[in-house]
Amino acid sequence: MLLVNLALFLTPEPGAEAKEVEETIEGMLLRLEEFCSLADLIRSDTSQILQENIPVLKAKLTEMRGIYAKVDRLEAFVKMVGHHVAFLEADVLQTERDHGAFPQALRRWLGSAGLPSFRNKSPAPVPVTNELPTLYRTEDYFPANAREQMPAPCFL
């Protein structure tokens, strides 16, 4: 009998093994449930992105293309204005050279400094043949009603 009791004591109970297997299965099921809920969360976020955010981004892209076109027109306008300013500045400098733009006091001061080219030399009268250049109007490039149609800036 001692041997039977010892054998029963040393053999594990089948209920204890079953309980351990059951706990392991419950833990695995709990992890599987967490994984499924995480997959559902990712799926719903993806659906939200595809249904809501992508159309908003497409609308912003269309709006930005319009802004880029306006920036390109503005750059072309600035280049044209720069060309006109350079032309007018060259014209003003040439007119000053042609019509003696030096003030009389400066001529006297240079003449008293001993520079012979400025002493007793009066500019010869030159007939005025200066033509005004054709100017541009800003309104031709940026109409007033276009400013009213411009949408307010939107930010994401």
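Student: Which residues does His84 touch, not counting residues up to four places away in sequence?

Tutor: Thr134 and Tyr136. A contact here means heavy atoms within 4.5 Å. Before we go on: this is a predicted model, where local features need pLDDT of at least 70 and side-chain atom pairs count only at pLDDT 80 or more, while totals for chains, interfaces and linings use all residues. Residues are numbered from 1 along each chain as its sequence is written, and side-chain values use heavy atoms, with hydrogens and water left out.

Student: Okay, why is His84 called buried?

Tutor: Buried means under 20% relative accessible area, exposed over 50%, and partly exposed in between (1.4 Å probe, protein chains only). His84 has 19%, so it is buried. As for its place, His84 is found in helix α2, residues 14-99.

Student: How much of the chain is buried?

Tutor: Buried residues make up 6% of the 156 residues. The chain exposes about 14,200 Å², and carbon and sulfur atoms supply 64% of that; the areas come from the Shrake-Rupley method with a 1.4 Å probe, and for residues only the protein chains shown count as cover.

Student: What makes up the secondary structure of the chain?

Tutor: 5 helices and 0 strands, running α-α-α-α-α from the N terminus on. Helices (H or I, at least four residues) and strands (E, at least two) are DSSP runs, numbered from the N terminus.

Student: Which residues form a nonpolar patch on the surface?

Tutor: Val21, Ile25, Leu29, Leu32 and Phe35, with about 510 Å² of accessible area together. Patch residues have over 30% relative accessible area and no salt bridge; like charges are joined within 9 Å, and nonpolar side chains (Val, Leu, Ile, Met, Phe, Trp, Tyr) within 5 Å. Leu29, in helix α2, has a relative accessible area of 53%, so it counts as exposed.

Student: What makes Asp40 and Arg43 a salt bridge?

Tutor: The rule asks for a side-chain nitrogen of Lys or Arg within 4 Å of a carboxyl oxygen of Asp or Glu. For Asp40 and Arg43 the N to O value is 2.8 Å, so the pair qualifies. Side chains of opposite charge can pair when their charged atoms come close. Both residues lie in helix α2, 3 residues apart, about one turn of the helix. Asp40 is partly exposed because its relative accessibility is 44%, while Arg43 is exposed at 51%.

Student: How many salt bridges are there by this rule?

Tutor: The count comes to 2. Lys60 also bridges to Glu63, with the closest N and O atoms 3.9 Å apart, so this pair passes the rule too. Lys60 and Glu63 are in helix α2, 3 residues apart, about one turn of the helix. Glu63 has 26% relative accessible area, so it is partly exposed.
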